[in-house]
Amino acid sequence: MPEQFPNNDQAIIRVENLEHSYGTFNAVDGISFSVKRGEIFSFLGPNGAGKSTAINVLITLLAKQKGEAYVAGYDVTREPQKVRESIGIVFQDITLDRDMTVWEILEFHGRLYNMPREERQKRIDELLSLVQLDTKRDERTKNLSGGMKRRLEIARGLMTRPKVLFLDEPTIGLDPQTRMRMWDYIKGVNNEGTTIFLTTHYMDEADQLSDRISIIDQGKIIISGKPWELKNTLGRDLIYMETNDNESALRLLKDLSSVRDIKTKPKGFVLMVNEDGTKVLPVVIDTLRKAGIEALTINLKKPSMDDVFVFYTGKDLRDVPAGKTPVLAKQAGGR
Amino acid sequence: MPMGFTTIYWRDMIRFVRFKTLLVSSLLQPALWLAFFGIAMSSNFDALTAGIPVTPGIQTVSYLTFMGAGIIAMTTLFTSLFGGIVILFDKNWGLMREILASPMNRNHIIIGIGLSGVTKSFIQAIIIIVFGILIGAAFFAGFTAVEIIIGIAGILAFVAMFALGFLFLSAAIAISMESPEGLQGVVTLLTLPIFFTSNALYPIDALPEFLKTLALYNPMTWLITGIRYFAIGSDFIAVGKHYQYTPSVIIISYIGLMVFATLMFGLAWWRFQKAVVT
C-alpha cells in the first residue's frame, strides 16, 4: 500500500534508511518513516523486532550507525543536545529511584534540564494534577502501584514541554484496566499538542491509540498506514472455514469475484472478502455445496489489528507450503 | 555557568540522609574502629615503646594519636571507593538512562558524585577527630585557636583531594561494570593493598624495600602525611620513630594527590564518554 510521506515542514521525526547492527545482527535493517507534528505514531512489532533500538537512536542514547535521522528538525548525530532538549522519554523499564518521592523525581528532572525554579514548581503542580498524583506528592515511588509509576514517568517525560514524547512499551506489565486508563492519559497529552511516538507489541494498543502505525519485524518496516487502512488491506471481512475437502474448496473459491485472497490454516482456510461477509457467505456455501463439499466450521469476523499483524509479519502462505503456518494464530511473544 | 552537578549532588545527598541505617553506620563505623582497634592497639604499642627514652624537646605522641590519622584516611578510602555505587544502581535500576538522555554534560555526573562523596568524607573526618579527642587522641595538642582552624582546614583539604581521586576511580569502575557484586569485588581487591602499603598503622621505614617503594607512591601515604602534619605537627616521635615534615614534603604530597585526582578524572571522563546504557 502506498504510504503518503508528509513533507518536511509537517514531519517532526524523519528517518531515512536507518540501519543499526550489533555485531553481525542487523537489529534495524534500513527503515524509513516520518512522523507528523501532532500525531500519535506507533511502531508495532514483536519483541526483538528492532523497535527499541530504533527509539534509542532517535533519543540519542545509541550512536547512529547508518542512515539519516532528524528529530524536531535536528540531526541526532550532529546536534544531539538540541534533540535532547526537544524530547521527553518514557523508557521501557521503570526508571525511578525507589527511595525518592514523587515530587523529588520531577524536581530532579526539571533541574537536570535547567528549568528555572518557578517554572519547575508550576509545571510539577500542573502535571501532578494531569496524571492524578496530587495526593502522592510526598510518597516514595516504591509505594506507588505499577500504573501510578507509569503515570509519574509520563509526567516526568512532559516536564520540559517536549515537542515529541517517546513512549517505549508504555503499558507493558500493567493490568488491562490500568492499560486502558493509560491510553486515556496518552490521548489527553496528545490532545494538548504533544506529538507521540510509541512502540508496542500490543495490537489493540496500537489500534486504539495511533493515528498511524508502522508494522516492524526483523528490523524492517513491513507496512505503514492508518489503523483502518491497514485493516482494509485485508478486505472488508474475514471468513474462516473448515471443510471436508479444503484443497478442492480453495481451488473453487479463489475464482469468486468477491474473494480477494485466501490464506490456508492447519485445519481450514481464511477468505478475505471485498464485500459484506454476510452477503458473500451464502454464495460461498452454495458454491461448495454444488461441488459436493461440506462446510464443517464457519466463522465470520472483521479484520483486527492482530490479523493485519500476522498477515504482514507471518510468513506469507504464497511462499510457504500450504498448512505450514497458521495465519490467524497469535504470534509467540505477541501477547 | 551550567550547574548540572549541583542536581546530581542534591540527589545523592537526599539518598545519604534518607537511608538512616546506612547514614548511622557510616558515621558510627569510623568511631568504632577508633574505639576498639585504636584503644586495643595503642595499649599494646604504647607498652612496647615505653622503654624508648623520650627525646627532650620533641613531643612523643601516643599510638592512638598516630593511628587516628590512619583511621581518617581509611574511612575516606572506603567511603570514596564505594561512592560510585549509586551510578551502578542507577544504571541497572534507576535514573542513569534519564540522566544520559538529558542535555546535561556527562562531566557533571562525575563532579556531582565527587562533591557528594567529599561532603560525606568531611562529615566522617570531623566525627573521627572529635571522637578521637574525646577518647584521648592528642590532635592539635598545644595548638593555638588559629592553628587549630588551619589544622582542620588543612586536613579537610587533603581529605577532599584524596576522596576526589578515589571517587572518580569508583565512578569509572561503576559505569563500566554490570553488577554491584563485581564492583564490591574490585573495591575489596583495591582497598587491601592500598591500606596496608600505607603508613596508616605503622611507620613504613621498616617495610621490605618492595613494599616501601609501593608505600612511598601510595596516595594514601600522601594523605596520611598531610593529616599528621596538620593534626600533630611537623616534628614528633611516634612508635619509636622521629617524624620531621618539611613544608616541601607536604606540598609534594598534595601535588601528588592532585595529579592522582586529575588522572582518575580523566579515566572517569573516558569511561563516561564510552558509556552506553539502553
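## A tour of chains A and B

Begin with both chains of this predicted model on display, and select the place where they meet: 20 residues of chain A are in contact with 18 residues of chain B. On the chain A side, colour helix H2 (80–86) and helix H3 (102–112), each of which supplies at least two residues of the surface that touches chain B. The largest share of that side, five residues, comes from H3(A). Sorted by class, the side of chain A that touches chain B has nine nonpolar, five polar and six charged residues.

The crossing of H2(B) and H3(B) is right-handed. To see what makes the contact, show side chains on H2(B), including B:Trp33, B:Leu34 and B:Phe45, and on H3(B), including B:Tyr63, B:Met67 and B:Ile71. By class, this contact has 10 nonpolar, six polar and one charged residues.

Finally, return to chain A and colour it by its domain assignment, which gives domain 1 (11–228) and domain 2 (234–313). The C-alpha centres of these two domains of chain A lie 40 Å apart, and their contact takes 10 residues from domain 1 and six residues from domain 2. On the domain 1 side, select helix H7 (203–209), strand S9 (212–217) and strand S10 (220–225) of chain A, each supplying at least two residues; H7(A) gives the most, with four residues. The side of domain 1 that touches domain 2 has seven nonpolar, no polar and three charged residues.

Methods: Residues are numbered from 1 along each chain as its sequence is written. Chains are lettered from A and ligands numbered from 1 in the order in which they are written. This is a predicted model: local features need pLDDT of at least 70, side-chain atom pairs count only at pLDDT 80 or more; totals for chains, interfaces and linings use all residues. Two residues are in contact if their C-beta atoms, placed from the backbone, lie within 7 Å. Ala, Val, Leu, Ile, Met, Phe, Trp, Tyr, Cys and Pro count as nonpolar, Asp, Glu, Lys and Arg as charged, and the others, Gly among them, as polar. A crossing is left-handed if the near helix is turned anticlockwise from the far one by less than a right angle, and right-handed if clockwise. Domain bounds come from an automatic or database domain assignment.
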